[in-house]
Amino acid sequence: MPKATLNAILVEHPLIQHKLTLMRRTATQSAEFRQLLREISHLLAYEVCRDLATERISIDTPLERMQAPILAGKKLCLVSILRAGNGLLDGMLDLIPSARVGHIGLYRDEKTLKPVQYYLKLPHAIGARLTIVVDPMLATGHSAAAAIDCLKDAGAKRIKFVCLLAAPEGIKTLNTSHPDIPIYTAAIDRQLNGQGYILPGLGDAGDRIYGTK
Ligand code: URA
C-alpha cells in the first residue's frame, strides 16, 4: 500500500520553535502560556497571510504623492473553534484587527464519538472572504473537518486552517476530508495516545490557556 503523504505547511521559525518549547513544559503557567501562544499566533498570521492580494492607492507622504499598496478585497474572516481556538484568535487579531470573527462550538457525542455542533455564529458574506480557521491542536482532525463542513455549508469558498501542533493522524483526516484546505502548523508531533491527546504535545490546550485544571 502506498504511504500517505502528509500535506501540511510547517512554519519552522527559530522563534516559534523556542516559544513552543517553553509552552510544552509542564512548569509553564497559564499567563505565560497564553502570552507565548499570542506571540506564536503573530508569526503564524504573518505566514498564513503571505499571499493576500494588494492593490495600490494614491496617498500623500509629507514629501510627495505616491501609489502605495493596501490589502484588496473584502476583510478576511477568522473562525475560532471553541474554546481553545480563542487562544490563537487573540494573537491573530493583533495583526489583522479589521478581520471579521466567527465562532464554532463542537462537542463530542459520547456514543458516536462524532463532533456535534452546538454553536455557530459567522459574519455575513463569508463566501467573499478568505476564511482562516484557528484551533491550536489538530489531534484526530474530526473537529477541524466538521468545522470546515459547516463553513462550506455556509458558503465559504477559500479556507485555510491554522494550528500550533498537529498529529499525523489529524493531518491525514483533514487532507482526506478536505484536500483543498491548506494546513499551517508550527510543529508535527509523533502520534496520538489512546485518549486522543497529541504526543509529546503540551496537554489540554484549553485547560492550559484558561487554567481550568
Ligand atoms: N486537544 C488538546 O487540547 N490537546 C491534545 O493533545 C489533543 C487535543
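A polar contact is a pair of N or O atoms within 3.5 Å, and within protein, one must be able to donate a hydrogen and the other to accept it. Keep that in mind for this talk. The model you see above is a predicted one.

Let's start with one serine. Ser41 lies in helix H2, which spans residues 30-48. Is Ser41 buried or exposed? Its relative accessibility is 0%, so Ser41 counts as buried. The cut-off for buried is under 20%.

Now, what lies 2.6 Å from a polar atom of the Ser41 side chain? The backbone oxygen of Leu37 does. Please find that pair on the screen.

Next, the ligand. Where does the ligand sit? It sits in the largest pocket. Which residues surround it? Met137, Ala139, Gly196, Tyr197, Ile198, Gly203, Asp204 and Ala205. By type, this shell divides into five nonpolar residues, two polar and one charged.

Let's go through some atom pairs. Take Ile198 to begin with. A polar backbone atom of Ile198 is 2.7 Å from an oxygen atom of the ligand. Then Gly203. Here a nitrogen atom of the ligand has a backbone N or O atom of Gly203 at 2.8 Å. Then Ala205. An oxygen atom of the ligand and a backbone N or O atom of Ala205 lie 2.7 Å apart.

How much of the ligand's accessible area does the protein cover? On its own, the ligand has 230 Å² of accessible area, and the protein covers 83% of that.

To recap: Ser41 is buried in helix H2, and the ligand sits in the largest pocket. Thank you.

Conventions: Residues are numbered from 1 along each chain as its sequence is written. This is a predicted model: local features need pLDDT of at least 70, side-chain atom pairs count only at pLDDT 80 or more; totals for chains, interfaces and linings use all residues. Side-chain values use heavy atoms; hydrogens and water are left out. A residue is near a molecule or strand if one of its heavy atoms lies within 4 Å of it. Accessible areas come from the Shrake-Rupley method with a 1.4 Å probe; for residues, only the protein chains shown count as cover. On a 1 Å grid over the protein atoms alone, a cavity is a set of points where a 1.4 Å probe fits but cannot get out, and a pocket is an open set with protein on both sides within 12 Å along at least five of seven lines; lining residues have an atom within 4 Å of a point. A molecule sits in a cavity or pocket if more than half of its atoms lie within 2 Å of its grid points. Ala, Val, Leu, Ile, Met, Phe, Trp, Tyr, Cys and Pro count as nonpolar, Asp, Glu, Lys and Arg as charged, and the others, Gly among them, as polar. Helices (H or I, at least four residues) and strands (E, at least two) are DSSP runs, numbered from the N terminus. Buried means under 20% relative accessible area, exposed over 50%, partly exposed in between (1.4 Å probe, protein chains only).
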